[in-house]
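Let's take a friendly walk through a protein model. Have the sequence and the 3D view ready as you read.

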Amino acid sequence: MTPWQQPRACSVIGAAHQRRGQPCQDASLSVSLRSRHGRLQLMAVADGHGSALYGLSHRGSALACQVAQQAVETALVQTPLADHQRWLQLLERELAASIQQQWRHAIKADWFEHSQGNDQAFSPLSYGTTLGLVLLAPEWWGCTGIGDWDLVGVTRQGTAELLSEELGHRGSEATGSLCQPPEQQHWQERARLELASPLRALVLSTDGVRKSCATDADYLHLCAGVVDLHESDELEAGLARITAEGSGDDVSLAIARRGQAPDRRRTWGGGV
């Protein structure tokens, strides 16, 4: 099977946040992990909630991506990539528990490090964030997470299909969050593992990208086009355009492609 290229990820501050002098509350990463069990690639996006109640969510999203990488690295050391059933179990339950525990420790340490002179009590709400993960092995890909991130698959014929979205809060601004109690988090609903997938590419995004598109058809068209961008500056410029002409929200994309990248530059004709 054609291997996955090294994924790429980019986060851009929202045009509205920039005008108001607010930090970017999105975070993203793409990383290649190795152990004696082989190579596993990870891409992640996180979207801090950003209102006054979640005033430290820009740090919460960054820490969410960091602890997600740590949790996946630990799983890779312990788990053969060929054990597909075990990886599905990890995606459904155990990665969620590990990430949740590590994130709580990380945000509490961050609070005590930066809260000198602050008379407010520590609360996980301050760091509230979504988190979406995609794992890419040679013979399978899988996803899991919490919140209103979206995952799109692009076929070799260029057709884009929405593979995963948050259904529980569809049509509202409410979303699942790492700051919620574990019993209110439903990671299993977003967990899946696909074997021998014929897809050419996967596109993972925070909700600001989809909200910037007039219709879901426009969003899918955008995702189908973005997989042909191979320069980081093109991706960053495209995301800046998306937020400026769309929702004004922070925007993040992570992209994984199969095969070899062509030696040329492409123009991103967005779908805003």
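Cys 10 counts as buried, with 11% relative accessibility; buried means under 20% relative accessible area, exposed over 50% and partly exposed in between, using a 1.4 Å probe and protein chains only. This is a predicted model, where local features need pLDDT of at least 70 and side-chain atom pairs count only at pLDDT 80 or more, while totals for chains, interfaces and linings use all residues. Residues are numbered from 1 along each chain as its sequence is written, and side-chain values use heavy atoms, leaving out hydrogens and water.

How many disulfides does the structure hold? There are 0, a disulfide being a pair of cysteine sulfur atoms within 2.5 Å.

| Cysteine | Closest cysteine sulfur | Distance | Relative accessibility |
|---|---|---|---|
| Cys 10 | Cys 24 | 9.3 Å | 11% |
| Cys 213 | Cys 223 | 7.4 Å | 9% |

For Cys 10, the closest sulfur is too far for a bond. Cys 213 is also in no disulfide, and counts as buried.

Now for the sheet. It is open, with 5 antiparallel strands in the order β2-β3-β4-β5-β8; strands are DSSP runs (E, at least two residues), numbered from the N terminus, and two of them pair if DSSP finds at least two bridges between them. At the edges, β2 (26-35) and β8 (192-195) each pair on one side only. Strands β2 and β3 (residues 38-47) are joined by 10 bridges, and Leu 33 has Leu 40 in β3 as its bridge partner.

Key: Helices (H or I, at least four residues) and strands (E, at least two) are DSSP runs, numbered from the N terminus.
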